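I opened my notebook for a friendly walk through this one. These are my entries, in the order I looked things up.

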Amino acid sequence: MKKLLIVDDEINTANLLSRFLTRNGFEVMTAASGAAAAELLKNHEFTLVLCDFRLEDTDGREVLKRIKQQYPDTGVIIITGYSDIKMAVELIKMGAYDYITKPLYPDEILNTINKAIETHSALAAAPTNIYQNTEKSTDKRSIGIKQGNHELVAGTSEASKELARQINLVSPTNYSVIIFGESGTGKESVAKSIHQNSDRSNKPFVAMDCGSLTKELAGSEFFGHEKGSFTGALNTKIGHFEMANGGTLFLDEIGNLSYEIQATLLRTVQERKVKRIGSTKEIDLDVRIIVATNENLIEAIQKGRFREDLYHRFNEFAIYMPPLRNRGNDMMLIATHFAKITSQELGKNISRFSSEATTALTNYAWPGNIRELKNVIRRAVLLTEGEEISGKTLPLEIYNQYIKTPVNEALAETPQATIAPPKNDLKNAAMEAEYETILRVLKEVNYNKTKAAQILNIDRKTLYNKMNAAGQQTLKT
C-alpha cells in the first residue's frame, strides 16, 4: 500500500482528501502545517506528499526544498490556487512532480497521483537506464546519452544533470511530453533522445513544425488526404500522424497553432484514430506525442489562445530546457563538441580555442542559445587555417565586445559615420537597415521566428532567406 502525506491547513479539505484517497487504496496521513509535516517525514516513509502552496507557517517552496534535500526519493505534488499557477510551474522546475489547481476534482487528483507513483516506480526500477548515475557521484564526469546524438551534448552543470535525470526518467514510458524552453536550446534534440532511448527506437521519429502551418494546410499535413479529395490533390498523401505510427511524433512550436487547428488535433489525440481527408476509413494510431514550445502555455490558456484540454493531454510530463547562459562550463564543452564535428566534416584538425576566443565565447550572452553557438563555431572552423580557433574568426558582435586590442579599441572610438556604408551605396545601406530591423524584432520576441515574421509582415521562408543573406554578407566583409 502506497503511503501519502497531505499537508494543508484547511482541515476540512485535508479530511475530505484523506477519506477519498483511503477509499482508493492509499494509506494517508495529514499535517496542518509545515512543522507538523517535518515531524511526520522524520518518522514515516512516504511515497508522495500533496502540499498546499499556502500554509500558515511556511509555503510549498520551503516544504519542497526540505523534502528534496532530506528525502529525495519522495515525490511532491503542489496544490495551488489560480493565482499561484506561475509559482507552481517554478516549483516543478525545482523538482515537484506536478501541481493541482483548486477547486479540486477527484478524478484529476487520482489520475495525477497514479501517474506520479508510476513515474517513481519507473525511476526506481531503472535509475541508470540511459545516463550515468551521477546523483551519488563525487567526480566531474559529464552526463550524456549512451546512444549517439550529435545535437544533445554532454554537460557537467547542475542544469545538465537535472535534464539528464528527466530524460532518463521519461524515456522508457509512453507518456506524452511537453518540452519548454527558449528558441535554440535543443528541444528537438531532447525529443530525439527520448525516442532513441525508448522501446520505439526502431520505429519512425517524425518532426513537424507547427509554426509554419496554415489553417488550410493543417488537415492535410496532420492527417493526409486521398487523391482527388480536393482541388490540387493530385496524389494520395500520408499525414504526419500516420507516418509516425508505431513511433514518435514531435510537434514543434505547438503554441503557434490556431485555436481551430487545436480543436481538430484534440480529437485525434483523444481517440487515437486518424482519417485521411476524402476517406471514410479510420486508421488506428499507436503514436507517442512530444511537443515543444517557447511560450508560456499557462498564460496562453488564461488569455484564451490555447485549449486547456489539449494542454492536459500533452502535459503528462514536462521538461524545462535550461538556456545556454545558465549552463556554466558546459558552454565550452558544447563549443568543443561542435568544433570537432565541423572539423571532421571539412577535413580539418581543429581541437582547441585560443584564450581570447574562450574569453569572448564565455562572456557572450548567447540569446540564440545552442543553435547560435553551433552556427558561430561552424563559421569559426571554416575560417580557421591552423589547429586553434582564434578570436578573430568569431563574429564582430562577439569579438569586439569582449576582446580589447589596440585595433578594437580604435574601432570603438571611431565615429559611427566613418564605418557605415557609403551614403551613395543604397543597396548596402538598405541591407544594413533591414538586418538591424530583423535583429531588433527577433530580440523583442525572444527569437521566435514565427512571431518575428508576423511582426515584419513576411513569411518564415522569407525571414530565413534574409537572415542567411545577411550572414553571407558578414562573411564577405
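**Helix 15, length check.** I take the expected span of a helix as 1.5 Å times one less than its number of residues. Helices here are DSSP runs of H or I with at least four residues, strands are runs of E with at least two, and both are numbered from the N terminus. Helix 15 (residues 369-383) has 15 residues, so at 1.5 Å a residue it should span 21 Å; I find its end C-alpha atoms 22 Å apart, which agrees.

**Ground rules.** I am reading a predicted model, in which local features need pLDDT of at least 70 and side-chain atom pairs count only at pLDDT 80 or more, while totals for chains, interfaces and linings use all residues. Residues are numbered from 1 along each chain as its sequence is written, and side-chain values use heavy atoms, with hydrogens and water left out.

**Whole chain.** I noted 21 helices and 16 strands for the chain. For burial I use relative accessible area: buried is under 20%, exposed is over 50%, and partly exposed is in between, with a 1.4 Å probe and protein chains only. Buried residues make up 46% of the 477 residues. A contact means heavy atoms within 4.5 Å. Of the contacts between residues at least 6 apart in sequence, 69% join residues at least 24 apart.

**Back to helix 15.** Which of its residues are buried? I listed Asn369, Ile370, Glu372, Leu373, Val376, Ile377, Arg379, Ala380 and Val381.

**An open sheet, order 2-1-3-4-5.** I count two strands as paired if DSSP finds at least two bridges between them. This sheet has 5 strands, is open, and its pairing is parallel. Strand 2 (27-31) and strand 5 (98-101) stand at the edges with a single partner strand each, so one side of each has no neighbour in the sheet. Neighbouring strands are turned by 20° against each other on average, direction ignored. For such angles, axes are lines fitted to C-alpha atoms (for helices, over the stretch in contact), and values run from 0 to 180 degrees between N-to-C directions.

**Strand 1 in that sheet.** I found 5 of the 5 residues of strand 1 buried, so this strand is largely enclosed by the rest of the structure. Lys3, Leu5 and Val7 point one way, Leu4 and Ile6 the other way, and all are buried. Strand 1 runs parallel to strand 2, with 5 bridges joining them; it also runs parallel to strand 3, with 4 bridges. Leu4 has bridge partners in both: Val28 in strand 2 and Leu48 in strand 3. Strand 1, helix 1 (residues 11-23) and strand 2 form a right-handed β-α-β unit. Right-handed here means that, with the strands pointing away from the viewer, the path from the first strand over the helix to the second runs clockwise.

**Strand 4 and the helices on the sheet.** Strand 4 (residues 75-80) and strand 5 run parallel and are joined by 4 bridges. Ile77 stands opposite Asp98 in strand 5. Helix 3 (residues 60-70) packs on the sheet and touches strand 3 and strand 4, its direction making about 160° with that of strand 3. Helix 2 (residues 34-43) lies across strand 1 (3-7), strand 2 and strand 3 (48-52), at about 140° to strand 2.

Strand 6 (residues 177-180) runs parallel to strand 14 through 4 bridges, and Ile178 stands opposite Ala318 in strand 14.

**Cysteines.** How many disulfides are there? With a disulfide taken as a pair of cysteine sulfur atoms within 2.5 Å, I count 0. Cys51 is buried at 1% relative accessible area, and Cys210 counts as buried at 1% too.

**Two single residues.** Thr58 is in the loop between strand 3 and helix 3. Is Thr58 buried or exposed? Its relative accessible area is 19%, and I logged it as buried. Leaving aside neighbours within four places in sequence, Thr58 is in contact with Gly34 and Val63. Gln196 belongs to helix 7 (residues 187-196) and is partly exposed at 22%. Gln196 and Ser171 are 25 residues apart in sequence and 8.4 Å apart in space, C-alpha to C-alpha.
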